[in-house]
Amino acid sequence: MIVQDIIRSINAEIIVRGGTTRIEKIFAGDRISDLIHYADESTLIITHLNHISLVQLFQIFEVPAICLITETEPIQELIENAEVKKAHLFVSPLEMYETCGVIYKMFERGNAQQ
Amino acid sequence: MGVKLSEICNRLDLELLTSGISELMDKEVSEGYVSDLLSDVLANAQKGMILITLQTHINVIAVCVHTELSAVIFIQSRRPDDNVIKKAEEERILLFSSSESAFSIVGKLYEMGLRG
Amino acid sequence: MITGSYPVKRGDYLGGGQVSSKIKETLRRLGITSEIIRKIMIAVYEAEMNVIIHSYGGEISFVIDDDKIEITVKDTGPGIPRIDLAIQEGYSTAPDEAREMGFGAGMGLPNIKKNSDYFTIHSEKMGTLLKILVFINSDKYFSNIDTCLNVESEKCKKCLRCITRCPTKAIRLYKEKIHILSHHCVNCNECIRVCPTKVFDLTNYEENKDEGKEKVLVAPSPWIASILFSCLWDNFEEVIINEKGLEIYPLAIWEDVLKEKTFEYIKNNGKIKHPVILPVCPAVLYWIQTEYPSLIDYIAPYLGPAETAVNSFEKQKRVFYIPSCPAEVCAIHGNKNSDVNVSFILPQQSIEMILNTKKRTTGEKQIDKIYDICVDKEIDRKIVKISGVEQVKTFLESIEKKRLMYNIEMVELYACHNGCFGSPYWVYEPTVARIIFDAFWKEQKIKYKENKFDGIFRVSTIKPRKGIRLDEDVRKAMMKLSEIEKISKSLPGYDCGVCGAPTCLNFAEDILMMGENISECPYLNIK
């Protein structure tokens with residue numbers, strides 16, 4: 001599915017709008033080691049973190065989209081890097097649990113392994 | 001409307017880590033919380049929730065006791081140390097383990113009707 | 001050998017990942033595959049964060065060798081008290097501040113171990129030394145691609161258009177002479193198209209004079225379109241058969257066969273990469289082999305329509321083909337069975353053929369008759385056609401980065417706008433020609449159904465192209481790369497093309513590899 005569908009489904013606030021990106025995997029987690037281990041060029045990351053370390057997900061691991069949780073205001077470095085990498089950055093109005101639930105329901109097919 | 005922990009355990013094919021407190025399996029839960037940041041759990045999780053995390057640090061149990069969470073699901077095949085399990089048994093908190101990721105576990109719980 | 005080393009500061013969470021970024025850039029420029037880069041990046045990033053979080057500071061250095069990358073991470077203490085525990089998943093001694101930033105998962109060393117081919121750690125109070133080794137797969141087999149371009153440098157008036165236009169930067173103009181870099185040229189039509197003085201042309205292979213055989217002509221769609229523009233098809237075909245004894249088979253037969261075969265292939269193979277690239281345009285295939293080797297797996301494993309066509313006739317027949325670009329000549333030569341007898345009719349000759357034959361046809365022009373049926377033509381949504389070098393480039397890059405719309409099952413990529421209709425050899429307006437041909441083909445298709453031609457599975461798989469590297473010996477190639485970097489730093493970086501190379505980096509490469517003189521740079525002379 002494409003990022004735009006996901007953004008619409010959770011009614012997320014778009015901070016940076018990237019290209020039309022196909023998402024094949026979704027990963028929710030808060031620990032960098034896990035994030036970099038599972039993230040690739042087609043992964044959407046859902047995380048509580050709002051920290052400079054996320055920048056490297058864009059920079060080094062070419063993650064196309066990051067979803068932050070419950071109306072956190074992303075730090076400036078993250079916004080700038082998303083813009084440079086033409087990646088998506090958006091903020092879900094829901095808790096992480098709800099966010100995952102809603103997106104999962106939409107993904108349904110079960111190929112949402114991660 | 002809650003769902004019994006035993007049913008969650010069956011439907012999600014979870015492995016029960018704690019022993020001797022299986023009577024708690026009849027308890028019903030209706031809400032879940034997912035986070036790997038303990039301070040976040042501490043601040044936002046509500047009483048009776050089921051916690052989905054991959055933190056296996058002993059402090060998880062302390063947080064559970066403090067916020068009166070009913071059970072924890074460790075994801076991606078993470079297993080806490082024996083002393084963590086022992087502590088959980090003492091504090092009467094059920095621990096489960098699953099090989100799946102947070103995203104799909106939450107998705108399935110959500111489908112079963114558990115909300116955040 | 002390429003080496004480098006960067007300092008890492010203690011507690012510098014803000015700068016975390018910068019060293020990894022720099023190493024990544026180097027690896028990318030060496031043309032190392034993205035899977036290997038990913039592995040290395042996970043290992044290096046974890047190591048870098050470890051130094052930031054746990055140590056008093058340190059240094060990361062790397063050595064890139066002919067077949068491996070070795071990363072050394074050194075810090076100045078305080079050492080890891082229990083390595084046996086630290087190597088276990090989930091064990092962490094990270095301070096709470098780090099944990100709240102998402103670090104301290106206890107996955108650092110385990111992640112490094114998992115992503116390296118060889119890994120050692122040595123730790124004492126004075127510091128920790130980590131060695132990470134990742135092998136670069138160097139025994140990959142490469143394939144050669146010929147260049148089927150004929151160049152007449154005397155005609156050149158040095159407008160430099162071809163140099164900047166070439167999609168793979170394969171053209172140089174040094175000392176009044178045009179050079180085609182044979183390891184870059186993908187045989188597309190771009191230089192032929194932009195050259196105002198017709199310096200470039202496709203190579204005319206010696207015609208195999210073997211008369212008396214039954215003759216067939218495989219007619220590419222743009223040629224048929226040219227006929228439709230000037231006379232009636234049925235009439236034309238009749239005249240050609242009667243006068244020259246040539247039986248005409250439209251190439252579109254095999255284009256359709258290829259599509260059907262590929263649909264079948266997709267249906268029967270659940271686990272293939274999408275979108276499947278149809279091997280319709282040989283120039284695009286060469287381009288993928290040359291610059292996007294990671295996308296080779298996306299190509300449907302069949303021969304292209306032209307190659308399939310010439311291999312479809314019994315060997316006693318003599319097959320004529322009208323190529324629209326050098327790549328077609330090249331592809332047919334590279335893929336035909338040895339006993340197949342192929343001759344090329346160059347596009348110019350084929351147009352003369354139309355003009356000569358036209359005089360003897362009767363009836364009105366096909367174009368007037370056909371124009372009415374071509375309104376609102378149905379589009380096959382499963383196949384997307386993308387044409388023109390810029391668009392193809394964008395598309396290939398977006399597959400490579402997995403930034404693609406979903407639902408695309410198959411793509412036809414053509415280096416020329418509107419596919420072969422847009423080859424500079426054809427004189428009409430390509431968009432109209434394509435519409436007209438499509439309408440024609442919709443009507444005529446059934447006529448050729450009974451022939452039952454089949455697709456041909458590619459026996460030898462497509463491989464990355466040989467020669468992107470600077471030297472056969474990878475170790476020497478690395479040395480040369482760092483040399484080139486040095487030279488390019490002394491160039492102004494305007495990429496003006498006046499020296500004869502498309503970019504300053506290309507020029508630096510040629511100074512080293514082809515012995516060009518740096519004084520050709522106009523800006524250095526001004527100084």
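From the N terminus on, the elements of chain B follow the order β-α-β-β-β-α-β-α-β-α-β-α, a total of five helices and seven strands. Helices (H or I, at least four residues) and strands (E, at least two) are DSSP runs, numbered from the N terminus. The structure is a predicted model, in which local features need pLDDT of at least 70 and side-chain atom pairs count only at pLDDT 80 or more, whereas totals for chains, interfaces and linings use all residues. Residues are numbered from 1 along each chain as its sequence is written, and chains are lettered from A and ligands numbered from 1 in the order in which they are written.

Of the 116 residues in chain B, 46% are buried (20 or more other C-beta atoms within 10 Å of the residue's own, with C-beta atoms placed from the backbone). Among the contacts in chain B with a separation of 6 or more, 52% are between residues 24 or more positions apart; two residues are in contact if their C-beta atoms, placed from the backbone, lie within 7 Å.

In chain A, an open sheet of five strands has the order β1-β5-β4-β3-β2, with mixed pairing; two strands pair if DSSP finds at least two bridges between them. Strands β1 (13-16) and β2 of chain A stand at the edges with a single partner strand each, so one side of each lacks a neighbour in the sheet. Strands β3 (residues 43-47) and β4 (residues 65-68) of chain A run parallel and are joined by four bridges. Within chain A, A:T47 stands opposite A:L68 in β4(A).

The interface between chains A and B brings 20 residues of chain A into contact with 18 residues of chain B. On the side of chain A, the elements that give two or more residues are β2 (25-28) and α5 (96-107). The largest share, seven residues, comes from α5(A).

Leaving aside neighbours within four places in sequence, A:A28 is in contact with A:I46, A:M96, A:C100, B:V34, B:A102, B:F103 and B:V106.

Methods: A residue is buried if 20 or more other C-beta atoms lie within 10 Å of its own, exposed if 12 or fewer, and partly exposed in between; C-beta atoms are placed from the backbone.
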